[in-house]
Amino acid sequence: MYGRIIAGLSCLGLLAACGDESGVRPAPVDYQATIRWTSHGVPHILADDIGSIGFGLGYAGARDFVCTLADQIVKVRSERAKTFGPGEGDANIDSDFSYLTLGVVERGERMLERVSADGRALIEGYAAGYNRYLADAGPQGLPAPCAGAAWVKPISAADLAAYYVHVNMFAGSLQLLDFIRRAAPPDASGEEARERAIDLPDFTRLGLGSNAWAIGRDRAEGGRGMLVANPHFPWEGELRFHEAHLTIPGQLDVYGVSLTGLPVINIGFNEHVAWTHTVSPAKHFTVYRLTLDPDDPTVYVHEGERRPMERREHTIDVLADSGSLEQVSRVMYRSHLGPMLGASVLGWSTEQAFTVRDANEDNVTALDQWLRMDRATSLDELRRAHEELRGIPFVFTTAVDAEGQALLMDASRVPHLSAEAVSAYDRALQRDGLTGLLARSGIVLLDGSTARDAWVETQGAGALVPWGDLPSLARTDFVMNANDTPWLTNPAEPLTGYPALFGTPGAPISARTRMNLLLLTEEGEGAAAGEDGLFSRDELEAAILSNRGITAERLRAQVAERCDGAAPVDLEGEAVDVAGACLALASWDGRLDLESVGAIVWRELLGRFTSAAMVDAGKLYAQPFDPKDPLETPRDLVEPPAEGPDPILVALAEATRALAQAGFDPSTPLGEAQFTNKGDDAIPIHGGLGMEGVANVVTHLPTAPNSTLLPRLNTGELVNPTTGLTTAGYPINFGTSFVMAVEHTTGGPRAEALLSYSQSTDPASPHFADQTELFSRKAWRPVLFTEKDIAADPDLVVKEIGGPR
């Protein structure tokens, strides 16, 4: 399958020794890999064993993101305060104690003990490859901003495993770190310890998104499977993707992207299957309210019996201004369910306290899960990997095989609750109170005093929802997901009957989901799939980056008609002329391309309405969402009131004023206002916000979902936090990160892709901004998967690396 080039490379000594004539190779003594970098800095790792694959990937990854991963290892080691000082508001001290409370180091060691032999070899090889890069580069050879930094040190497999534990908990405990670090029993006066006013995290919108399309043989021009992968992740920090190709002749041949520091392909394809992931809105943890012993707030009552909390005193080193190290100690507590929470509505009093149980706290199978997927030779084998390992932390899997069978499943780690627990929870929701308040943030609150609300253990699934109850759908036309509940993965076959923690069938869908479904289902002239209704790969690529917005397509003309000839609008005594905004909207085609005039007016107009108004009747739409007509509802602009100002015109005036405050005119094209910085260069970026109903989401998040201490995008003074408008415009640091279209053909998989923020974080690298420029132009690049294509690449650079095990 690999052709003469592989055979030649192997016997030229670029791999481990060829062995004798029987073809049996001796057990490898040292790591040995060949890295072949092609255009845009993509490494193709070639090795004879799985440990050496990890070694090569660790080396190549370090070259592109060494500073980021080094920063994260300091974090999970609970050494931020030791390395960087206490931080603003003791943020580094709090971080260190939080990770000690989560026990990521101990849990990482447990992962290493329980992972498969191949999984452990991958981790150990990756650490060795990273360390080899550090030795080759030397402290002063590292890129900005960590050149010469003493905190960039060799790492161990245990360090990486601790880091993977933390990644797994992104959709649970990591969002509650502010509550974990402030958890302390009340003092003698009854006052809360370490109390600060903080907001509840919104688990209904974790700050991560994605689009996933699997096109089956009935909708594919070539009659075989096709896939569009389009994760929406941060453009900076530890949640960036890194592109790579991993090959062990005869054993592994997989292409795609991995999250920073992971030694497997998370999203990608091989000869047989292609897959991608979207963040699931399912609940991956539960919060429990504990009833406390009135005589001791560190003792709680469970099934009528007193249970003392686990008390641990942790001590960390803190770098003082003098340069000396000082020690700080803090007592942290856990229940039998998990770490204690504190602050805000989850405060710890003399009567009650709160604790969290996270389904991913003890997830030791995630790495093996993806390794099995990377090696899958059929869609059924990929599905069985999910069933047997249950390691997917918090995402849907959307996949397709070469024969054109498409599959979507939410096999993420969701707690299994009894029917009695669900009924009791529903009754508590009807009473609203704290249960309802937390539910609106996506948090399930259960009663920790009764075994009724405990997670239910079943054979083969542990305390997770059993395999047979998970939502899944296989079809030969298409399946898709854009982060909504799975009920509408295909309108022709709505899903029902799955457990409540996965979401509610028939619930309103987001504007972005509506746009995705419209692109996949529209027919006739102008349809994304053309008049024949069959997608080619070119049509898929054009559709996912078409920048069509469902809200504009449904409402723009009505708003333009409403505001035609409107008088200036009074805003707190200021007369705001909306004529320019009305003119821009009237002539706009509803797309969010670089040259689009009217796009920023529409964005700021929508930014005056709540997210709920985008999915149901209210202050924007007149007709409510109808689950029987999900693609065409909600619809129609609300009528103006009989008396008083028209809220649509008021919103338009507020949009006009906000744009003026940021220095923009309604006639400003999107590409002049929306950009990302690469060094001193501002690169214009197309696309829009999820609330606009565009598939190609890009946005400015002032606090993007990452925890890096490295320098971030300079975003200017915020004008509108809802839309991300600043005095500089819309500086993009989040959204479409990796976009790939894969087509299975009789000659093997063919794909094109873009990594929007480019491969390298090193400002001096030629691959720091090259793909960002391509993304700005929608200039897709070919994925080089065959040996012939790799060898023919004009920018090919080959490096052999090795090192001791």
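**Loops, cis prolines and a covered strand**

Q: Where does Ser78 lie?
A: Ser78 lies in the loop between helix H2 (50-76) and helix H3 (80-84). Keep in mind that this is a predicted model.

Q: What's phi doing at Ser78?
A: Phi is near 60° there, a positive value in a residue other than glycine.

Q: And is Ser78 buried or exposed?
A: Ser78 counts as buried, because its relative accessibility is 8% and the cut-off for buried is under 20%.

Q: OK, what about phi of Lys778?
A: Lys778 isn't a glycine, yet its phi is positive too, at about 55°. You'll find Lys778 in the loop between helix H20 (770-776) and strand E34 (781-782).

Q: Why does Lys778 count as partly exposed?
A: Because its relative accessibility is 29%, which falls between the 20% and 50% cut-offs.

Q: Switching to prolines: which peptide bond is cis, with omega near 10°?
A: That's the bond from Ala144 to Pro145. Pro145 is in the loop between helix H6 (117-137) and helix H7 (157-168).

Q: And what joins Thr633 and Pro634?
A: A cis peptide bond, with omega about 0°. Pro634 is in the loop between strand E23 (621-623) and strand E24 (635-637).

Q: Now strand E20, residues 478-481: which residues are on each side?
A: Phe478 and Met480 are on one side, Val479 and Asn481 on the other, and all of them are buried, so both faces are covered. In a regular strand, side chains alternate between the two faces of the sheet.

Q: In what sense do E3 and E20 pair?
A: Antiparallel, over four bridges, with E3 spanning residues 209-215. In one of the bridges, Ile215 partners Phe478 of E20.

Technical notes. Residues are numbered from 1 along each chain as its sequence is written. This is a predicted model: local features need pLDDT of at least 70, side-chain atom pairs count only at pLDDT 80 or more; totals for chains, interfaces and linings use all residues. Side-chain values use heavy atoms; hydrogens and water are left out. Buried means under 20% relative accessible area, exposed over 50%, partly exposed in between (1.4 Å probe, protein chains only). Helices (H or I, at least four residues) and strands (E, at least two) are DSSP runs, numbered from the N terminus. Two strands pair if DSSP finds at least two bridges between them.
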